[in-house]
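Here is a colleague's note for someone who is opening this model for the first time. Please keep the sequence and the 3D view at hand while going through the points.

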Amino acid sequence: MGRVINEASDKEYYQAFCFALREEIMINWLATMQTFAKQNTRMLYYLSMEYLPGRFTGNNITNIGATDIVRKVMRHMGRDFDRVLSSEPDPGLGNGGLGRLASCFLDSLATQQYPAVGYGLRYQYGIFEQELWDGIQLERPDPWLLDEYPWEFRRDQRSYNVKFCGRPIRTANTHSDEVYDIEDCEEVRALAYDIPIIGYDCTPDFSVLTMRLWTTKESPRNFGLQRYNAGHLDQAAENIILTDVLYPNDNHETGKRIRLKQEFLLVSASLQDIMRRHLIQNPDMSNFKEKIRIQSNDTHPALVVVELMRILTKDYDFSWNQAWETTQACTSYTNHTILAEALEEWNVHRLSYILPRQYNIIERINLKFCNKIRKQYPNDEDRVRRMTIINDGQIKMANLSIVATHCINGVSALHTELLQKTTFKDFAEMYPTKFTNVTNGVTPRRWLLHCNPRLSQFISERIGDQWITNFDQIDQLQKFASDPDSQREFLKIKRQNKEALRRYLLENYQEHDFKGKLIKVKIDLHLDALFDCHIKRIHEYKRQLLSALHLIMLYFEIVDNPQETTRIQRTFIYAGKAAPGYHIAKNIIRLINCIARTINNDPDVKEKLQVVFIPNYNVSKAEFIMPAAELSEQISTAGLEASGTGNMKFSMNGALTIGTDDGANVEMRKTVGDQWWPFLFGASVQEIEQMQTNQSYNAWDIYSKYPHIRRAVDSLRDRTFSKYDAEHQALTELYHSLLESSPGRLPDPYFILQDLIDYYETQKKVEELYKIPEKWAEYAIHNIAGMGQFSSDNSIHKYAREIWDITPCAVNKELLEHIRSEFRAHDQCRIIGHH
Ligand SMILES: *Cc1c(COP(=O)(O)O)cnc(C)c1O
């Protein structure tokens with residue numbers, strides 16, 4: 001780094017350390033890739049527009065079992081381990097659950113030694129950084145690449161041309177299938193940056209996989225000089241800035257032009273790379289379908305099926321039918337949501353302008369598909385209209401994916417069932433074997449071993465350390481749930497983790513006034529209070545408004561009866577970003593901060609209740625909050641959260657869940673056992689469905705019937721919590737969203753008031769249990785012990801077995817030894833002072 005040790009700042013020290021570590025990791029990385037090439041195994045290529053890996057350095061050290069030695073060396077050199085590691089930026093290349101899932105999957109693929117590569121985009125700016133200005137979300141760019149990022153490797157040899165727009169010229173292949181040349185198109189150069197993904201293994205033989213991220217930033221050829229000369233600077237630069245920014249929408253699609261270009265860039269560059277690699281190890285494309293599996297993380301990379309059809313028929317002279325068979329065999333698709341506003345659709349004009357050849361192929365796929373429907377279901381044009389890929393000028397990407405891939409999976413048992421029974425009912429009827437479930441999981445390395453070393457040691461002392469890579473073993477913890485020593489020890493650890501979060505916030509919490517000036521607020525968490533955590537993206541279906549209304553009810557109870565002493569202390573911890581254009585979600589953030597201001601400054605209340613909104617929720621924040629959490633809020637409207645993964649992280653860290661029977665909560669309840677899952681509440685999917693079909697839900701009735709609910713809802717517009725007119729306006733809008741309809745929207749569409757009564761009563765049960773700490777600990781240990789199924793290793797094994805048909809492929813020891821000895825020899829070679 002060009003610095004001696006006592007000159008180096010923590011950041012420089014961190015960079016130097018990473019460079020030293022990555023040199024050693026490269027040995028295993030090379031050996032892993034050579035092993036896959038040599039064995040010519042079937043490979044899995046995971047395509048995802050988003051990854052949320054979190055900081056790499058600490059996790060890498062954990063995964064090679066080097067934490068103790070590194071800590072020791074840093075101490076010896078007078079450096080603080082945690083401070084050095086927190087110099088690393090947290091790459092926010094995703095929005096939330098979907099991106100985090102992709103990263104958990106890469107960790108599991110590497111740890112379980114599967115032959116795989118993850119492809120994505122190297123956004124110059126990841127998800128925005130959230131600041132709170134007088135309680136309002138403000139978005140700032142996330143410049144994670146400001147300093148050189150030591151975990152990425154620029155691969156100048158790996159770059160590809162991606163073509164947009166232009167005029168297609170119709171020709172034919174030798175099978176007389178229509179194929180297209182292209183004239184006058186834009187060509188964009190996509191350049192690869194690789195990040196090593198290190199599998200957990202305490203021996204020196206660990207596997208390292210590649211996460212390959214494409215950028216358009218680094219090629220001068222991407223600049224449109226002719227357009228610039230014509231005076232259109234914005235158009236001239238468009239292809240340079242293509243990978244600049246992540247779209248900050250979670251569970252919501254907007255159909256923007258640049259987004260379509262981003263999605264196709266990922267597809268085209270990755271496919272070219274996959275084919276290049278295939279042709280190095282195989283003479284031709286005839287065995288492509290034996291060797292390649294491509295998983296599409298949601299429909300964002302759905303064009304992969306179209307582009308594969310195009311390349312096979314055009315460049316490799318496959319007949320349409322051969323190409324179709326290969327495409328289906330090689331590809332599969334994961335659905336992440338049934339929220340209508342999140343299902344991707346592209347306007348026909350937009351897509352055919354940017355991708356004219358691909359549009360022609362989509363039309364042909366659809367023509368054949370509609371004929372197939374007509375043949376199988378004669379005289380059922382209604383069915384054709386429901387199932388067609390192109391309808392009303394829009395291309396439905398989920399429909400395309402289901403038709404063109406061999407497998408579609410949902411992400412929890414409930415979600416998959418709903419896919420088959422509602423959203424894609426017709427498709428499930430036509431292709432019953434294509435649908436399957438793979439419940440999401442999280443990696444116990446980052447989400448337990450790395451972020452909660454105290455609890456990890458507690459577990460290993462009792463059941464050994466096999467759980468780290470074989471999480472099924474965690475069920476052995478059950479027998480310690482009733483053991484008083486284990487309960488006491490668990491409570492002690494939880495308190496230490498709460499204390500760590502308290503210290504972290506005392507040092508790092510930031511709030512701004514309405515002009516953005518940093519204001520000093522001391523957030524001092526109450527260590528005796530129940531840490532009640534609602535942290536995830538802010539979305540109406542996730543119902544932060546439901547927990548906020550409950551909080552308001554508690555506030556009024558204490559205000560009314562300040563002498564009451566039988567209540568437990570509670571600390572409500574919120575965190576989460578709202579999409580910048582999601583007005584109601586931003587109002588919810590504002591409301592929570594208004595409530596926090598009122599409660600934290602009320603002398604009669606502030607000792608009993610505390611409310612904290614932790615700004616800029618990301619993986620690093622989650623790693624701090626999860627180990628300290630005691631109650632996990634998983635309270636989405638039943639049927640709307642596809643799986644959830646935050647729920648699993650909390651449980652693994654010993655929090656109890658207050659939750660609806662939604663997403664993976666249902667399966668978690670079953671494996672933990674109803675007896676140890678005491679805080680289930682709310683309307684079931686069936687009940688919600690029924691209220692929707694017979695339009696029997698009336699939020700106004702509930703509001704009128706229950707005075708304590710009415711008082712809480714009224715407080716949204718009687719200025720109890722708002723100080724200014726603008727705040728009053730924001731909170732009043734929330735009031736209206738609960739009780740009034742607006743165009744295209746019913747009152748309280750997410751059934752918040754419907755579930756509030758049950759939620760309130762269930763929160764009373766929480767308080768009763770929390771009063772008996774040993775009992776609480778017994779429940780918590782049972783919850784940890786029930787998480788065996790929710791390791792992402794488990795999910796990956798299921799994908800590998802049932803969808804990809806791939807098997808683990810350990811690093812070849814000879815190859816590894818060869819690279820090691822070469823490295824050692826070269827490492828000793830010096831030019832200066834050589835004799
Ligand atoms: C796990 C995680 C999520 C997903 O949380 P849900 O509660 O499942 O929505 C989102 N963001 C981050 C940073 C996470 O770590």
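This is a predicted model: local features need pLDDT of at least 70, side-chain atom pairs count only at pLDDT 80 or more; totals for chains, interfaces and linings use all residues.

**Notes on the model**

1. Helices (H or I, at least four residues) and strands (E, at least two) are DSSP runs, numbered from the N terminus, and two strands pair if DSSP finds at least two bridges between them. Strand β6 covers residues 167-172 and strand β7 covers residues 178-183; the two run antiparallel and are joined by six bridges. Within this pairing, Arg167 stands opposite Glu183 in β7, while Pro168 stands opposite Ile182 in β7.

2. Residues are numbered from 1 along each chain as its sequence is written, and side-chain values use heavy atoms, with hydrogens and water left out.

3. As for the chain as a whole, it has 33 helices and 24 strands, and along its principal axes the C-alpha trace spans about 85 × 85 × 60 Å. The radius of gyration, taken over C-alpha atoms, is 27 Å, which agrees with the value near 28 Å that a compact globule of 835 residues would have; the globule rule used here is 2.2 Å times the number of residues to the power 0.38.

4. Which share of the 835 residues is buried? Buried residues make up 60% of them, where buried means under 20% relative accessible area, exposed over 50%, and partly exposed in between (1.4 Å probe, protein chains only). The accessible surface of the chain comes to about 33500 Å², of which 49% belongs to carbon and sulfur atoms; accessible areas come from the Shrake-Rupley method with a 1.4 Å probe, and for residues only the protein chains shown count as cover.

5. On contacts, meaning heavy atoms within 4.5 Å, 77% of those between residues at least 6 apart in sequence join residues at least 24 apart. On charges, the mean positions of the 99 positive and 110 negative ones are 2 Å apart. Here Lys and Arg count as positive and Asp and Glu as negative, without His and the chain ends, and the place of a charge is NZ of Lys, CZ of Arg, CG of Asp or CD of Glu.

6. Three bridges join β12 to β14, which holds residues 394-396, and Trp346 stands opposite Ile395 in β14.

7. Phe751, with a phi of about 60°, lies in the loop between α29 (725-739) and α30 (752-770), and it counts as buried because its relative accessibility is 5%. Asp805, with a phi of about 50°, lies in the loop between α32 (792-804) and α33 (813-828), but counts as exposed because its relative accessibility is 54%.

8. Ile614 sits in the loop between β21 (609-613) and α23 (619-628), and at 3% relative accessibility it is buried. Its C-alpha atom is separated by 6.2 Å from that of Tyr574, although the two residues are 40 apart along the chain. Leaving aside neighbours within four places in sequence, Ile614 has contacts that include Gln130, Leu505, Tyr574 and Ile625.

9. Two further buried positions may be inspected in turn. Ser792 lies in helix α32 and is buried, with a relative accessible area of 0%; beyond its neighbours within four places in sequence, it is in contact with Cys104, Phe105, Ser108, Gly441, Val442 and Thr443. Thr215 belongs to strand β9 (residues 208-215) and counts as buried at 0% relative accessibility. With neighbours within four places again set aside, the contacts of Thr215 include Arg122, Gln124, Arg189 and Thr243, whereas for Arg155, 60 residues away along the chain, the C-alpha separation from Thr215 is 11 Å.
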